[in-house]
Amino acid sequence: MVDAVKIIETNLAEVRERIGRSAEASGRTAGDVTLVAVCKYFGSDITTDVVEAGCREIGENRPQVLWSKASDLSTLDVRFHQIGHLQRNKVRRTITCIDLLHAGDSLRLINSVSAESVKQGIVTRLLIEVNVSGDENKHGFNPTELESVLEDIAVLPNIDIQGMMAMAGLESDASNAQREFAQLRELRDRLFSVCPNNVSLKHLSMGMTRDYELAIREGATIVRIGTALFEGIPRV
Ligand SMILES: *Cc1c(COP(=O)(O)O)cnc(C)c1O
């Protein structure tokens with residue numbers, strides 16, 4: 001029987017140390033970067049161990065899994081992040097469970113999140129997903145359409161646009177990934193000046209196990225890390 005909490009604690013310490021070093025390299029501190037622990041490879045039991053090891057931000061890819069974990073972990077002090085694509089027929093249940101939607105990847109989806117949030121009397125925090133790598137099978141807005149997208153969604157009620165999210169391309173090596181992360185930061189900086197008052201754009205969610213240090217050096221404020229936290233724990 002492996003002591004999963006112990007293993008995760010050790011992995012977490014290493015990841016946090018690397019986050020700290022990368023943050024310092026970009027003139028910030030570890031506290032400026034939020035770690036979202038991506039628990040999609042495991043069920044509610046190991047996810048509970050992650051919370052026990054000290055992570056309060058949990059990322060999930062599949063909405064149905066997120067719903068059931070939100071229910072299983074309802075007594076714990078934990079916040080959920082929907083990081084994967086969200087279909088519109090799953091918006092209603094998902095927005096009641098999450099702290100932040102990372103995958104705001106189309107106008108139709110964001111419209112639906114706004115409408116459902118109005119119905120439920122809540123405000124949903126979200127990020128605009130941008131397809132910086134140009135991979136055809138990736139979700140997200142094209143960088144060139146962002147300015148007009150921002151105008152369109154800034155007027156929608158009951159959503160709080162917090163920033164942008166991106167993934168490096170599947171085929172990208174380190175230097176390509178770095179360029180893609182830099183591109184997202186530059187895009188954000190450029191949009192700051194034309195951005196409506198109610199849109200903050202302060203967050204950049206970018207970086208996963210293979211590239212989070214690069215992403216932080218390029219300005220990530222949120223990293224989404226799974227694999228590195230679970231080294232030594234057998235996947236079932
Ligand atoms: C799975 C996933 C991650 C985490 O990936 P790891 O390589 O396991 O760190 C981050 N972001 C998204 C959108 C994911 O689907």
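A polar contact is a pair of N or O atoms within 3.5 Å. The model shown in these close-ups is predicted.

View 1. In the side chain of Thr209, an N or O atom lies 2.6 Å from an oxygen atom of the ligand. For Tyr41, the corresponding distance from a side-chain N or O atom to a ligand oxygen is 2.4 Å. For Lys40, a side-chain N or O atom is 2.7 Å from an oxygen of the ligand. On its own, the ligand has 390 Å² of accessible area, and the protein covers 90% of this.

**View 2. The ligand in its pocket.** The largest pocket holds the ligand. The residues around the ligand include Val38, Asn61, Ile83, Met167 and Met208. Arg224, Ile225, Gly226 and Thr227 are also among them. By class, this shell has six nonpolar, four polar and two charged residues.

View 3. Side chains of opposite charge can pair when their charged atoms come close. The structure holds 13 salt bridges. One of the pairs is Arg56 with Asp77, whose closest N and O atoms are 3.7 Å apart. Arg56 lies in the loop between helix H2 (44-52) and strand E2 (57-60).

Methods: Residues are numbered from 1 along each chain as its sequence is written. This is a predicted model: local features need pLDDT of at least 70, side-chain atom pairs count only at pLDDT 80 or more; totals for chains, interfaces and linings use all residues. Side-chain values use heavy atoms; hydrogens and water are left out. A residue is near a molecule or strand if one of its heavy atoms lies within 4 Å of it. A polar contact is a pair of N or O atoms within 3.5 Å; within protein, one must be able to donate a hydrogen and the other to accept it, and residues adjacent in sequence count only if both atoms are side-chain atoms. Accessible areas come from the Shrake-Rupley method with a 1.4 Å probe; for residues, only the protein chains shown count as cover. On a 1 Å grid over the protein atoms alone, a cavity is a set of points where a 1.4 Å probe fits but cannot get out, and a pocket is an open set with protein on both sides within 12 Å along at least five of seven lines; lining residues have an atom within 4 Å of a point. A molecule sits in a cavity or pocket if more than half of its atoms lie within 2 Å of its grid points. Ala, Val, Leu, Ile, Met, Phe, Trp, Tyr, Cys and Pro count as nonpolar, Asp, Glu, Lys and Arg as charged, and the others, Gly among them, as polar. A salt bridge is a side-chain nitrogen of Lys or Arg within 4 Å of a carboxyl oxygen of Asp or Glu. Helices (H or I, at least four residues) and strands (E, at least two) are DSSP runs, numbered from the N terminus.
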